[in-house]
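Here is a friendly briefing to read alongside the model. Keep the structure open as you go through the topics below.

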Amino acid sequence: MIPQLPALARRYGVQTTYYDIAGQRRQARPEALLAILRSLGAPIERPEDVPAALRQHRIAHWERGVEPVAVAWGGGPVQFKLRLPASRADGTLRCRLALETGEVRSWNADLRLFPTIGTGEVEGRRYIAKRFRLAGQLPLGYHRLTLNAGRQAFEILIIAAPESAYTPDDEWPGGKAWGVFLPLYALRSRRNWGIGDLTDLDALVTWTAGLGGRVVGTLPLLAAFLDEPFEPSPYCPASRLFWNELYIDVLRIPDLESCPGAFERARSASLRAAIARLNRAPLVDYREVARLKRQILEELARCFFARGGDESPEYRRFLERHPQVQDYARFRAALERRHEPWGRWPDSLQHGVLADGDYDPEVRNYHLYAQWIVHEQLRALAGKARQTGARLYLDLPLGVHPDSYDVWRERELFARDASAGAPPDPFFTRGQNWGFPPLNPRALREQRYRYTIACLRSHLQYAGILRLDHVMSLHRLFWVPRGFDPIDGVYVRYPADELYAILCLESQRHRALIVGEDLGTVSRAVRSTMERRRIQRMHVVQFEIAPDADPPLPPVPETAVAALNTHDMAPFAGFWQGADIRDRLQFGHLDDAGARIAAMQRQTLRETLVAFLRRTGALGDAETPDAVLRAILAHLASSPGRLLLVNLEDLWLETRSQNVPGTAHEHPNWRRKARFAIEEFCNMPDVLAALNQIQRLRHASPSDHHA
């Protein structure tokens with residue numbers, strides 16, 4: 001190891017070692033540590049630069065004076081370190097607190113009265129650390145504290161946060177509920193254009209609420225690149241701030257009948273024929289659906305701006321509520337003009353400066369109009385859901401496409417010389433590289449979390465429940481340096497306390513439940529923090545079965561969302577039949593010997609699950625997939641878990657996966673439609689019987705569960 005490299009890594013929050021899924025200690029390669037430190041802004045090019053970089057960090061630490069963010073749990077009091085040159089540590093400190101409400105409080109303080117809690121000396125200059133304590137209670141919110149000591153000025157964001165996130169105990173009978181899940185792109189109907197849209201989601205919400213369900217979940221609905229570049233994955237969006245216009249129900253737009261060009265195109269025989277072809281196809285054709293919808297949306301946008309619709313009060317309010325949307329529209333228009341990723345643009349454009357001649361105004365107007373319409377339809381959908389007592393369960397992905405708007409506009413926040421990923425495990429023996437740049441935790445703090453808060457608010461304006469992809473990233477994230485294999489990645493720490501404070505504050509303000517995806521190797525510290533802050537866990541049966549444990553299927557925690565599987569796993573029938581093992585063999589993730597071992601392990605899991613369900617009285621003599629499915633759902637429905645989320649495809653014993661991790665063109669990820677349309681499965685006796693049983697069990701008394 002390079003001398004002083006571990007010390008420099010610690011100062012930047014980089015772990016030099018970690019324990020893998022097998023409990024083995026892994027040591028980071030020095031070359032990988034140097035690359036990650038460069039991504040975090042450390043001034044190092046060669047190993048010889050480490051001592052100077054460490055010295056520079058020490059100087060910056062003392063000269064910074066304060067950390068940029070502090071948390072006041074429960075509103076306070078709050079305290080933090082104030083670092084000053086020894087020559088100024090006994091003067092007067094001028095304090096100004098600007099509350100989020102607009103109220104300003106100013107006062108002077110005598111630094112001699114502040115307790116000294118440390119000293120330091122760098123480059124011959126002596127520093128003193130004092131404890132600053134802001135007594136009393138602050139109103140919940142984001143407040144700015146400015147401190148002036150002589151010529152030095154410091155600013156701190158104080159997050160006055162509630163102790164925990166919101167839970168809808170007062171809205172759900174007994175604090176428990178159930179809901180259904182299906183990717184929106186997969187939701188078939190007789191009326192849609194070969195991909196589910198927001199009208200279909202509205203119908204699913206209405207049907208679910210009518211059966212007593214309180215939640216409808218789907219995958220991320222964020223803006224996507226569906227031309228150049230082409231990336232339909234909901235977990236690699238073009239932005240985490242804006243929405244995918246592909247989900248607009250074009251025929252429900254009020255402007256349609258007043259725009260002759262759009263109206264004629266929408267009623268044309270050629271369009272009806274194209275829609276019929278798309279509707280019949282087993283897979284979503286993103287490019288063709290996007291092309292057809294865009295033709296009509298472009299006509300509508302031209303009519304809208306030509307008649308001065310952009311001066312309407314409704315549209316002006318939309319722009320005020322979403323001030324970045326005009327910047328986003330210009331970016332998308334410039335991207336379409338240049339036909340190349342923004343990393344290849346001229347320097348001024350790369351760095352966020354777009355002049356009028358850099359894009360087509362009509363294309364910009366199209367993106368503005370499309371965002372307005374998708375927001376309007378989402379707003380109407382969320383409002384209707386609330387009226388029925390239901391909640392939309394939306395999903396916030398961990399990252400964004402490397403060529404996304406977010407990385408272009410907020411480039412200082414992203415470590416573009418690294419990718420997020422995961423360390424080796426039995427499925428991916430050389431680790432994973434997810435291909436998108438991780439957020440730089442140091443830059444996030446310096447920016448006072450403006451981007452993080454904006455992403456959360458964008459989702460929580462519509463979501464009654466928000467799932468956070470890879471919740472462990474609140475604590476640490478596995479970074480893979482550019483040019484390195486995933487096996488050589490290292491963990492970078494994140495300011496968890498501050499991120500949880502933002503989550504709790506936004507959750508309470510929007511009265512939204514927060515769910516953390518905590519599957520895989522997750523430390524006890526993560527789960528204990530989630531429990532303390534009332535962030536819901538995930539209890540996924542396929543991950544929880546443990547043949548050597550007693551019981552082999554652990555109880556569902558009260559603060560958990562229970563499910564049989566996720567979108568990255570085989571549906572129940574596919575799991576039961578081993579279809580996922582056959583897929584892994586076909587795609588080269590397993591060899592023949594590995595497949596035989598996996599098949600034997602799966603048989604053990606099946607036998608374990610059957611024996612457990614019989615012991616609990618949930619399963620009779622039958623061992624058919626349908627009987628076992630009903631028994632597991634009954635077991636989960638009877639549990640104390642806050643929410644049971646049912647994958648609709650499980651109810652008709654679908655065997656095919658929606659996504660197979662580690663594949664690209666080998667499998668139609670994010671494209672497979674549901675086998676049945678909503679008009680069909682809403683009336684299927686087996687589907688209705690399963691959901692009616694869940695409704696009864698979710699709200700039965702404990703004694704009724706064993707009746």
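Helix axes here are lines fitted to C-alpha atoms over the stretch in contact, and angles run from 0 to 180 degrees between N-to-C directions. With that in hand, please note that this is a predicted model. In it, helix H9 (residues 325-338) packs with H11 at an angle of about 135 degrees, and their axes are 8 Å apart.

**H9 and H11**

- The crossing of H9 past H11 is right-handed.
- On the H9 side, the contact is made by Val-325, Gln-326, Tyr-328, Ala-329, Arg-330, Arg-332, Ala-333 and Glu-336.
- H11 contributes Val-363, Arg-364, His-367, Leu-368 and Gln-371 to the contact.
- By class, the residues of the contact between H9 and H11 are 6 nonpolar, 3 polar and 4 charged.

**Nonpolar cores**

- The largest nonpolar core holds 215 residues, and those with the most contacts inside it are Val-14, Leu-204, Tyr-369, Phe-681 and Leu-691.
- Helix H11 (residues 361-387) supplies the largest share of this core, with 12 residues.
- Leu-691 is in contact with Trp-178, Val-180, Trp-207, Leu-211, Val-646 and Leu-651, leaving aside neighbours within four places in sequence.
- Another core, of 24 residues, lies apart from the largest one, and its members include Ala-70, Leu-99, Leu-145 and Ile-158.

- Helix H19 (residues 579-586) has Ala-579, Asp-580, Ile-581, Asp-583 and Arg-584 as its buried residues.
- These buried residues pack against helix H18 (572-577) and helix H20 (592-615).
- Gly-588 follows H19 and has a positive phi, near 85 degrees.
- H20 in turn packs with helix H21 (residues 625-637) at an angle of about 60 degrees, their axes being 11 Å apart.
- H20 and H21 are therefore oblique to each other, and H20 passes H21 in a left-handed crossing.
- Leu-609, Val-610, Phe-612 and Leu-613 of H20 meet Val-628, Ala-631, Ile-632 and His-635 of H21.
- That contact of H20 with H21 has 7 nonpolar residues, 1 polar residue and no charged residues.

**Ile-158 in strand E10**

- Ile-158 sits in strand E10 (residues 152-161).
- Is Ile-158 buried or exposed? Ile-158 counts as buried because its relative accessibility is 0%, and buried means under 20%.
- Beyond its neighbours within four places in sequence, Ile-158 is in contact with Ala-70, Ala-72, Val-78, Leu-97, Leu-134, Leu-138, Gly-141, Tyr-142, His-143 and Leu-145.
- Ile-158 and Pro-68 are 90 residues apart in sequence, with 8.7 Å between their C-alpha atoms.

**Thr-119 in strand E7**

- Thr-119 belongs to strand E7 (residues 116-122).
- With a relative accessible area of 51%, Thr-119 is exposed, because the cut-off for exposed is over 50%.
- Which residues does Thr-119 touch, not counting residues up to four places away in sequence? They are Trp-62, Arg-126, Tyr-127 and Ile-128.
- Thr-119 and Phe-80 lie 39 residues apart in sequence and 15 Å apart in space, C-alpha to C-alpha.

Definitions and conventions. Residues are numbered from 1 along each chain as its sequence is written. This is a predicted model: local features need pLDDT of at least 70, side-chain atom pairs count only at pLDDT 80 or more; totals for chains, interfaces and linings use all residues. Side-chain values use heavy atoms; hydrogens and water are left out. Buried means under 20% relative accessible area, exposed over 50%, partly exposed in between (1.4 Å probe, protein chains only). Helices (H or I, at least four residues) and strands (E, at least two) are DSSP runs, numbered from the N terminus. Contact means heavy atoms within 4.5 Å. Angles under 35 degrees count as roughly parallel, over 145 as roughly antiparallel, 65 to 115 as roughly perpendicular and the rest as oblique. A crossing is left-handed if the near helix is turned anticlockwise from the far one by less than a right angle, and right-handed if clockwise. Ala, Val, Leu, Ile, Met, Phe, Trp, Tyr, Cys and Pro count as nonpolar, Asp, Glu, Lys and Arg as charged, and the others, Gly among them, as polar. A nonpolar core is a set of buried Ala, Val, Leu, Ile, Met, Phe, Trp, Tyr and Cys residues joined through side-chain atoms within 4.5 Å.
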